[in-house]
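Me: Got a fold open here and I'd like to talk through the packing. Can you take a look with me?

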Amino acid sequence: MKMHNPLEQFNIDVYVPLRLGPLDISLSNASIMMLLSSFLIILFMWLLTRRLKIVPHLGQTIAETLYSFIKKMIEDTIGSHGLSILPFILTLFLFILFGNFMGLFPYAFTFTSHLSIVGAISLIGLLVSIVLGVWKRGFSWFHIFFPKGIPWALAPLMVPIEIISFLSKPFSLTVRLVMNMTVGHIMLEVVAGFVFILGLAGFIPLLFTGVLILFEVFIAVLQAYIFTILSCIYLSEAFEQEE
């Protein structure tokens, strides 16, 4: 029996080809999963918070715990003055988390395993950092590329290095998440393939697949946390001089 190619799960399949001028807005497995994840996030938060009470019920407790978790993350990395971006950070965390989780279901597409998609999310974070920095600190924000106290003679060397360092942050975020999601799903596909090939003896790889799935659930949460907290650290530059 021929083993299924584990890399086929990362293929982007177009179901409804659409174009808006030069833009390709086709409906693909990737866009469907992103839309589905967005819908599930909205539904999830609505169900948790639709009946708020003084004595919180289970759903409200989960929502408040999630809020407190993100709030503490922002306070630890940016400071209390960074709470203005809490909605953005919470949305970012949930979108990555749901994207990671959705990919664990059979025949689902893991959009967090694609460089273009995660890269676009990372670039949004970069743009938010730039806009917030200029809005809150004016043109003095650009001092991050040439810190005070550095001799002007070093400007031709320091400025390009700082710019490259700043622009590399989305790349590091993207590669870390994409590689972890890709490697994990390839392992799951390969091990699961042995279940069908070995027949009755496939119970051993089946047990191992179960362990891998539990491990991937842990990785899904961990990588969403890492992506979000690193985004907070990068966004902290927009608040550095704010009192």
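Predicted model: local features only at pLDDT ≥ 70, side-chain atom pairs only at ≥ 80, totals over all residues.

Me: OK, so threonine 182, buried or exposed?

Reply: Threonine 182 has a relative accessible area of 16%, so it counts as buried. You'll find this threonine in helix H5.

Me: And what is threonine 182 in contact with, leaving aside neighbours within four places in sequence?

Reply: Phe10 and Ser113. Serine 113 is 69 residues away from threonine 182 along the chain, yet their C-alpha atoms are separated by 5.4 Å.

Me: Let's switch to the nonpolar core. How many residues does the largest one have?

Reply: 39 residues, and Ile70 and Phe227 are the ones with the most contacts inside it. At least two residues of this core come from each of helix H1 (29-49), helix H2 (58-77), helix H3 (86-102), helix H4 (115-137), helix H5 (155-198) and helix H6 (203-235).

Me: Which helix gives the most to this core?

Reply: H3, with 11 residues.

Me: What does isoleucine 70 touch, not counting residues up to four places away in sequence?

Reply: Leu86, Ile89, Leu90 and Phe93. There's also a second, separate core of 5 residues, and Leu126, Trp141, Ile144 and Phe166 are among them.

Me: Good. Now the rings: how many aromatic pairs does the count come to?

Reply: 5 aromatic pairs. One of them is phenylalanine 69 with phenylalanine 93, a tilted pair at 5.7 Å centre to centre with 55° between the planes.

Me: Which helices do phenylalanine 69 and phenylalanine 93 lie in?

Reply: Phenylalanine 69 is in helix H2 and phenylalanine 93 in helix H3, so the pair ties together parts 24 residues apart in sequence. Phenylalanine 69 is partly exposed, with a relative accessible area of 35%, whereas phenylalanine 93 is buried at 5%.

Me: And which pair does phenylalanine 69 form with tyrosine 225, in terms of geometry?

Reply: A tilted one as well: 5.8 Å centre to centre, 40° between the planes. This pair links distant parts of the chain, since phenylalanine 69 sits in helix H2 and tyrosine 225 in helix H6, 156 residues apart. Tyrosine 225 is partly exposed, at 31% relative accessible area.

Me: So what links Phe69, Phe93 and Tyr225 into a cluster?

Reply: Ring pairs do.

Me: Last topic, the surface. Which residues make the nonpolar patch?

Reply: Tyr15, Val16, Leu18, Leu20, Leu23, Ile25 and Ile32 make a nonpolar surface patch of about 640 Å².

Me: Where does leucine 18 lie?

Reply: Leucine 18 is in the loop between strand S1 (14-16) and strand S2 (19-20). Its relative accessibility is 41%, so leucine 18 counts as partly exposed.

Notes
Residues numbered from 1 in each chain as written. Heavy atoms only, no water. Core = buried A, V, L, I, M, F, W, Y, C linked by side-chain atoms within 4.5 Å. Buried < 20%, exposed > 50% of the residue type's maximum accessible area, 1.4 Å probe, protein only. Helix = DSSP H or I, 4+ residues; strand = E, 2+ residues; numbered from the N terminus. Contact = heavy atoms within 4.5 Å. Patch = residues over 30% accessible without salt bridge, like charges linked within 9 Å, V, L, I, M, F, W, Y side chains within 5 Å. Areas by Shrake-Rupley, 256 points an atom, 1.4 Å probe, with all protein chains shown as cover. Salt bridge = Lys/Arg side-chain N within 4 Å of Asp/Glu carboxyl O. Phe/Tyr/Trp six-rings, centres within 6.5 Å; stacked < 30°, edge-to-face > 60°.
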